[in-house]
Amino acid sequence: MGDKGTSNYSDVTDFILVGFRVHPELHILLFLLFLLFYAMILLGNVSMMVIIITDPRLNTPMYFFLGNLSFVDLFYSSVIAPKAMMNFWSESKSISFAGCVTQLFLFALFIVTEGFLLAAMAYDRFIAICNPLLYSVQMSARLCVQLVAASYFCGCVSSVIETSMTFTLSFCASRAIDHFYCDTRPLQRLSCSDLFILRMVSFTLSGLITLPTIIVIVISYLYIVSTVLKIPSTEGRKKAFSTCSSHLGVVSVLYGAVFFMYLTPDTYPELSKVASLCYTLLTPMLNPLIYSLRNKDVKEALYKLLEKKSTIL
């Protein structure tokens with residue numbers, strides 16, 4: 001690679017993913033933990049997509065967004081988990097330069113897309129509860145496709161900017177990334193370039209992504225709560241809140257983990273890794289569970305699908 005003190009990013013051919021700084025004996029435990037989480041992510045999210053596609057009763061805007069959420073959860077966890085599991089058994093723990101670029105780009109794309117999808121889902125619940133008579137008109141198929149496409153577009157644009165700026169840095173401190181995947185903050189620690197512009201751009205991007213999505217979610221729920229409290233019957237209020245509780249749970253888990261990670265000081269990298277684990281594996285695993293356990297339509301569709309398969313067998 002050349003001398004580490006003078007090497008530029010163009011000389012770097014690979015990085016080393018340090019992962020969790022634990023005793024080697026614990027690597028097998030971490031491998032099994034990652035394997036369990038990833039298996040549940042695959043099972044839960046693939047099942048959710050199959051149920052939504054095959055059951056005509058779930059052909060509604062809410063489940064269209066939920067299907068896309070499962071797709072995003074499945075793919076951004078797949079960008080991280082397989083490589084992390086391989087590294088628990090690998091001596092070198094290396095990742096190629098191109099592999100690191102790809103991992104950061106895809107992860108940033110999908111995680112930002114998920115934030116915008118959750119905002120679109122909050123807007124969908126707002127229309128469903130506050131304007132039920134106009135729901136089918138306002139939440140048209142065309143608007144739903146546009147909202148999903150816009151979510152992916154915003155994810156792609158922000159990912160291109162973040163990834164391109166990160167990998168135009170000069171990496172001369174070390175090749176060892178103190179994380180279990182390629183992320184912006186650990187990569188910045190390896191650079192000897194001036195990080196002021198990158199940090200300002202990252203801060204601005206985070207603001208442009210986080211603030212609008214949180215504002216849409218908060219305002220939607222303020223209107224929802226206000227409308228639900230006006231419903232005279234307890235049963236009516238309970239039914240209205242039940243349609244939102246799953247979404248609110250998913251939002252809380254994702255944003256809680258993200259804020260915890262980015263508010264963790266750089267002096268505690270192991271704490272940051274634990275927070276990253278929450279939204280790279282825990283959130284995609286919990287999302288289908290939250291929606292299936294708390295959603296009557298999904299449970300009925302799942303029972304129907306299982307009955308059909310048992311009849312075939």
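In this predicted model, Cys154 has a relative accessible area of 29% and so counts as partly exposed. The closest cysteine sulfur to that of Cys154 belongs to Cys156, and at 10 Å it is too far for a bond, because a disulfide requires sulfur atoms within 2.5 Å. Cys130 is in no disulfide either; the nearest cysteine sulfur, in Cys244, is 8.6 Å away.

| Disulfide | S to S distance |
|---|---|
| Cys100–Cys182 | 2.0 Å |
| Cys172–Cys192 | 1.9 Å |

Cys172 sits in the loop between helix H5 (141–166) and S3, and Cys192 in the loop between H6 and helix H7 (196–229); the two are 20 residues apart. Cys172 counts as buried, at 12% relative accessibility.

The link of Cys100 and Cys182 is left-handed, with -120° about the S-S bond. Cys100 belongs to helix H3 (residues 97–130) and Cys182 to the loop between strand S3 (176–177) and helix H6 (184–189), so this pair ties together parts 82 residues apart in sequence. Both Cys100 and Cys182 are buried.

Overall, the protein has 10 helices and 3 strands. The C-alpha atoms fill a box of roughly 70 × 50 × 30 Å along the principal axes. Of the 313 residues, 46% count as buried.

Conventions. Residues are numbered from 1 along each chain as its sequence is written. This is a predicted model: local features need pLDDT of at least 70, side-chain atom pairs count only at pLDDT 80 or more; totals for chains, interfaces and linings use all residues. Side-chain values use heavy atoms; hydrogens and water are left out. Helices (H or I, at least four residues) and strands (E, at least two) are DSSP runs, numbered from the N terminus. Buried means under 20% relative accessible area, exposed over 50%, partly exposed in between (1.4 Å probe, protein chains only).
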